[in-house]
Structures are given as structure tokens and as C-alpha cells.
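Keep the viewer open and follow along as the residues come up.

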Amino acid sequence: MFASKYIIKLGMESPENMDKATWIKEMLHAFCDLCIKTIDIGMRPNTHFDKGGWKYLLASFKQQTCHAFTKAQLKNK
């Protein structure tokens with residue numbers, strides 16, 4: 001039973017592939033500002049970002065901070 005909870009928690013990624021992102025204050029503020037901008041653009045039709053919204057966030061965050069985090073790393077923040 002423990003194994004099934006563990007698999008559900010991790011999703012399809014294996015534990016070896018999961019890296020924790022290191023966040024500094026400036027990166028956190030940049031991410032929050034980008035999320036607000038993405039919402040204002042209309043890329044969050046309901047309660048979650050749509051596929052285009054996540055692509056925009058990933059690209060904008062990488063361009064602004066020079067850190068290429070994955071969608072899972074951003075989503076966990």
C-alpha cells in the first residue's frame with residue numbers, strides 16, 4: 001500500500017530524475033510577477049494555467065532569470 005501512495009505522489013517521474021529547485025528572493029518575485037502577467041493575458045481560463053500559459057511561463061522565466069526549471073519545479077513552487 002505504501003508503494004502505491006508513493007507512485008501517485010511522484011507521478012510518472014522516477015525519484016532519481018526529480019531535482020529540487022533552489023529559489024532565491026529575486027527568482028521568487030520574478031516568478032510571481034510572471035504568473036500575474038500570464039493571468040492578465042488570459043492564459044488561465046479556470047483555476048489552472050492552460051498549456052500555452054505554462055509554455056509562456058517556462059520561456060519567460062528562463063529568459064528573465066537564466067534558469068531553466070521544469071514545469072514540475074515551477075508548479076511545486
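This is a predicted model: local features need pLDDT of at least 70, side-chain atom pairs count only at pLDDT 80 or more; totals for chains, interfaces and linings use all residues.

The buried residues of H2 pack against two partners, H3 and H4. In H2, the buried set consists of Met27, Ala30, Phe31, Leu34, Cys35 and Thr38. Around the helix axis these residues cover an arc of only 140 degrees, so they sit on the same side of H2. If you turn to the face pointing away from that buried side, you will find the exposed residues Lys25, Glu26, Asp33, Ile36 and Asp40. As for geometry, H2 has 17 residues and spans 24 Å from its first C-alpha to its last, close to the 24 Å expected at 1.5 Å a residue. Just after H2 comes glycine 42, with a positive phi of about 105 degrees.

Now step back to the whole chain for a moment. The chain contains four helices and zero strands, and from the N terminus on its elements read α-α-α-α. Of its 77 residues, 23% are buried. The chain exposes about 6,200 Å², and carbon and sulfur atoms supply 58% of that area. Among the contacts in the chain with a separation of 6 or more, 44% come from residues 24 or more positions apart.

Next, follow the chain into the loop between H2 and H3, where phenylalanine 49 has its place. Is phenylalanine 49 buried or exposed? Its relative accessible area is 17%, and the cut-off for buried is under 20%, so phenylalanine 49 counts as buried. Leaving aside neighbours within four places in sequence, phenylalanine 49 is in contact with Cys35, Thr38, Ile39, Met43, Arg44, Trp54 and Leu57.

Which residues of H3 are buried? They are Gly53, Trp54, Leu57, Ser60, Phe61 and Thr65. Seen down the axis of H3, these buried residues fall within an arc of 140 degrees, so they line one face of the helix. On the other side of H3, Lys51, Lys55 and Gln63 are exposed. The cover over the buried residues of H3 includes H2 and helix H4 (71-76).

Leucine 57 is found in helix H3 and is buried, with a relative accessible area of 0%. Not counting residues up to four places away in sequence, leucine 57 touches Leu34, Cys35, Thr38 and Phe49. The C-alpha atoms of leucine 57 and leucine 34 are separated by 6.6 Å, although the two residues are 23 apart along the chain.

H3 is followed by cysteine 66, found in the loop between H3 and H4. Cysteine 66 has a positive phi of about 65 degrees although it is not a glycine. With a relative accessibility of 68%, cysteine 66 counts as exposed.

The largest nonpolar core has eleven residues: Trp23, Met27, Phe31, Leu34, Cys35, Phe49, Trp54, Leu57, Phe61, Phe69 and Leu74. Helix H2 (25-41) and helix H3 (51-65) are the elements that give two or more residues to this core. The largest share, four residues, comes from H2. Leucine 74, a member of this core, touches Trp23, Phe31, Trp54, Leu58, Phe61 and Phe69, not counting residues up to four places away in sequence.

Finally, look at the aromatic rings. A pair of aromatic rings is described by the distance of the centres and the angle of the planes. Counting rings whose centres lie within 6.5 Å, there are six aromatic pairs.

Conventions. Residues are numbered from 1 along each chain as its sequence is written. Side-chain values use heavy atoms; hydrogens and water are left out. Rings of Phe, Tyr and Trp (its six-membered ring) pair if their centres lie within 6.5 Å; planes under 30 degrees apart count as stacked, over 60 as edge-to-face and the rest as tilted. A nonpolar core is a set of buried Ala, Val, Leu, Ile, Met, Phe, Trp, Tyr and Cys residues joined through side-chain atoms within 4.5 Å. Buried means under 20% relative accessible area, exposed over 50%, partly exposed in between (1.4 Å probe, protein chains only). Contact means heavy atoms within 4.5 Å. Accessible areas come from the Shrake-Rupley method with a 1.4 Å probe; for residues, only the protein chains shown count as cover. The arc is that of the directions from the helix axis to the C-beta atoms. The expected span of a helix is 1.5 Å times one less than its number of residues.
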